[in-house]
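Subject: A structure for you to look at

Hi,

Here is the structure I promised to pass on. Have a look at it first, and then read on for what turned up.

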Amino acid sequence: MVLDFPFADINYFHCLKIIEILKETEANTKNIFGSYRSQRMKDWQEIIHLYEKDNVYLAEAAQMLIRNVNYEVPSLKKQIAKCEQIQVVSLISNVYKITKAELHSLSLRPVVSFLQIKKNIFIYKL
């Protein structure tokens, strides 16, 4: 039977973060020997101890790495390729627009004058 509750995805690294937060919030609950009197802190420290007891956290970390290598990295590569393609298309479009505008504004005058000269030469030959 799988329990369905919102904290089902908590792993070893989440537990470490929770303990770091509790160290800040429960700092005034330390006794003379340096251990915490807070039951919350004791419970989370026990969870970390159980993770580290048989090196279960290593297996969980390995599983996360495998998942990232098999699924997340290829997905990110596809997203990067798609973004690069969009950028290239956008750059080509911008270059085309600029080139077209430059040709229209700069090159149109010489072309027109060249055509007029050519027309005049053709008429002169006749």
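Let me start with a question: which residues does M41 touch, not counting residues up to four places away in sequence? The contacts of M41 are I19, L22, K23 and Y36. Please keep in mind that this is a predicted model.

**The overall layout**

The chain has 3 helices and 0 strands, so to read the elements from the N terminus is simply to read α-α-α. Of its 126 residues, 11% count as buried. Among contacts between residues at least 6 apart in sequence, 49% join residues at least 24 apart.

**Helix α1**

Helix α1 covers residues 12–25. The buried residues in α1 are Y12, C15, I19 and L22. They cover an arc of only 75° around the axis, which puts them on the same side of α1. K17, I21, E24 and T25 are exposed on the other side of the helix. At the start of α1, N11 brings a side-chain oxygen to within 3.0 Å of the backbone nitrogen of F13.

**Helix α2**

Helix α2 takes in residues 39–53, 15 residues in all. From its first C-alpha to its last it reaches 20 Å, close to the 21 Å expected at 1.5 Å a residue. M41, I48 and Y51 are the buried residues here. Viewed down the axis of α2, these buried residues fall within an arc of 85°, so they line one face of the helix.

Both ends of α2 have something to look at. S38 itself sits in the loop between α1 and α2. With a relative accessible area of 9%, S38 is buried, and it touches E26 and T29, not counting residues up to four places away in sequence.

Just after α2 comes N55, with a positive phi of about 60°. Most residues other than glycine have a negative phi, and N55 is not a glycine. N55 is placed in the loop between α2 and α3 (56–125). Its relative accessibility is 42%, so N55 counts as partly exposed.

In soluble globular proteins, nonpolar side chains tend to be buried together. The largest nonpolar core in this model has 8 residues: Y12, C15, I19, L22, Y36, M41, I48 and Y51. The elements that give two or more residues to this core are α1 and α2. Of these, α1 gives the most, with 4 residues.

Back to M41, then, which belongs to helix α2. Is M41 buried or exposed? Its relative accessible area is 0%, so M41 is buried. M41 and I19 are 22 residues apart along the chain, yet their C-alpha atoms are separated by 6.9 Å.

**The aromatic residues**

How many aromatic pairs does a search of the whole structure find? The search finds 3. In one of them, Y12 and F13 have ring centres 5.4 Å apart and planes at 75°, so the pair is edge-to-face. Y12 counts as buried, at 6% relative accessibility, whereas F13, at 34%, counts as partly exposed. These two residues also belong to one aromatic cluster together with Y51 and Y57.

Not counting residues up to four places away in sequence, Y51 touches I10, N11, Y12, C15, V56, Y57 and E60.

If you open the model, you might begin with M41 and its contacts to I19, L22, K23 and Y36, and then go on to Y51, whose contacts include Y12 and Y57.

Best wishes

Definitions and conventions
Residues numbered from 1 in each chain as written. Predicted model: local features only at pLDDT ≥ 70, side-chain atom pairs only at ≥ 80, totals over all residues. Heavy atoms only, no water. Expected span 1.5 Å × (residues − 1). Buried < 20%, exposed > 50% of the residue type's maximum accessible area, 1.4 Å probe, protein only. Arc of directions from axis to C-beta. Phe/Tyr/Trp six-rings, centres within 6.5 Å; stacked < 30°, edge-to-face > 60°. Core = buried A, V, L, I, M, F, W, Y, C linked by side-chain atoms within 4.5 Å. Contact = heavy atoms within 4.5 Å. Polar contact = N/O pair within 3.5 Å; in protein donor to acceptor, adjacent residues only side chain to side chain.
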